[in-house]
Amino acid sequence: MTYTFMRHFSLAAAASAAFALATPAAAQDWEPQKPVEMVIMAGQGGGADRLARLFQSIIQKENLSNMPILPVNKGGGSGAEALRYLMDKEGDNHVIMATLNSYYTTPLRTDIGVDIEEFTPIARMALDTFVLWVNADSDIETLDDYVAAVKESGGTWKMGGTGTGQEDSLVTAMLEEEFDVSVTYVPFSGGGDVAKNLVGGHIDSSVNNPSEALGFYQAGNLRPIAAFTPDRIEALPDTPTMGELGHDLVYWMQRSFVAPKDMAPEAVAYYTAMFEQLNASEEWQTYTQEKALMAEFLTGEDLQAYFVEERGKHAELLNTMGEATN
């Protein structure tokens, strides 16, 4: 079985100059009256955490909010802690949450009493990519080398990831099914720890996002084998895609923001305008190019429809893994 998790949306080349100069407060009457919590569905140090804190930094530097944005990590239970927290914040206009794909996989895997359709969509900032990595000291140079090495390991091959049922484990399951191999999946607290353990030789491979591994790659410590993207990643131009190598394996991770159920419409408008301006900022556009993210901005009902569609796709994948319970 092959899997393709992708959806493209046409984007304007840039926001209009007049809009980019406007502040969220100028777009509507409401503005925060106290610091805003930015809940992060992951632990510190990984790609989700670093990206959320980059957003917070840009908001502060560009003066996009009249009140401070305060990042708060709630990564327990593969994001279940964050989801339950947001559920308990119904009607709160001063809480937003940075999401990743565990936004829909965790409620599918665990009965935590959360329906993501009740949350308020704010903005999808980007689609993040995945790459198969090995230690640069390894003899593995190609995908064929990788598959052969895993098979020769007799089931002892260690694949590092960020938690059972999370994105890394789903990509790992895709590899296992596509190549009829079996690996030992070793979970860590975040993508940063995964990359460090691969460099240290404690695991044999990973499927980290490029942003979590590029520093080690540039230092000569990690080697990319193949990308789970339809086209080659600009930051890794010599790394073939799985499709080029004859395997229809494409997987994205969304980087989005949502808010609690029943957030006031004027607050939704404020945060949407804030992220629209962030999306148009030079720092964000440069970051997405350098870190191999696709800056595909999406808001409102279209974003909610995207979440529901992706939840369905992930339910199918989790069912093949025997992971879905809902």
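Arg-124 and Glu-296 are both buried, where buried stands for under 20% relative accessible area, exposed for over 50% and partly exposed for values in between (1.4 Å probe, protein chains only). The model is predicted, so local features need pLDDT of at least 70 and side-chain atom pairs count only at pLDDT 80 or more, while totals for chains, interfaces and linings use all residues. Residues are numbered from 1 along each chain as its sequence is written, and side-chain values use heavy atoms, with hydrogens and water left out.

**View 1. Arg-124 pairs with Glu-296 in a salt bridge.** A salt bridge is a side-chain nitrogen of Lys or Arg within 4 Å of a carboxyl oxygen of Asp or Glu, and here the closest N and O atoms are 3.6 Å apart. Because Arg-124 belongs to strand E5 and Glu-296 to the loop between helix H11 (282-290) and strand E13 (298-299), the pair ties together parts that are 172 residues apart in sequence; helices (H or I, at least four residues) and strands (E, at least two) are DSSP runs, numbered from the N terminus.

**View 2. Arg-311 and Asp-115 meet through their side chains in a salt bridge of 3.4 Å, N to O.** Arg-311 lies in helix H12 (residues 300-321) and Asp-115 in the loop between helix H5 (102-109) and strand E5 (120-128), so this contact ties together parts 196 residues apart in sequence. Asp-115 is partly exposed, at a relative accessible area of 32%, and a network of salt bridges links Asp-115, Glu-117 and Arg-311.

**View 3. Glu-310 forms a salt bridge with Lys-313.** Their closest N and O atoms are 3.3 Å apart, and the two residues, 3 apart in helix H12, are separated by about one helical turn. Glu-310 counts as buried at 3% relative accessibility, whereas Lys-313 is partly exposed at 21%.
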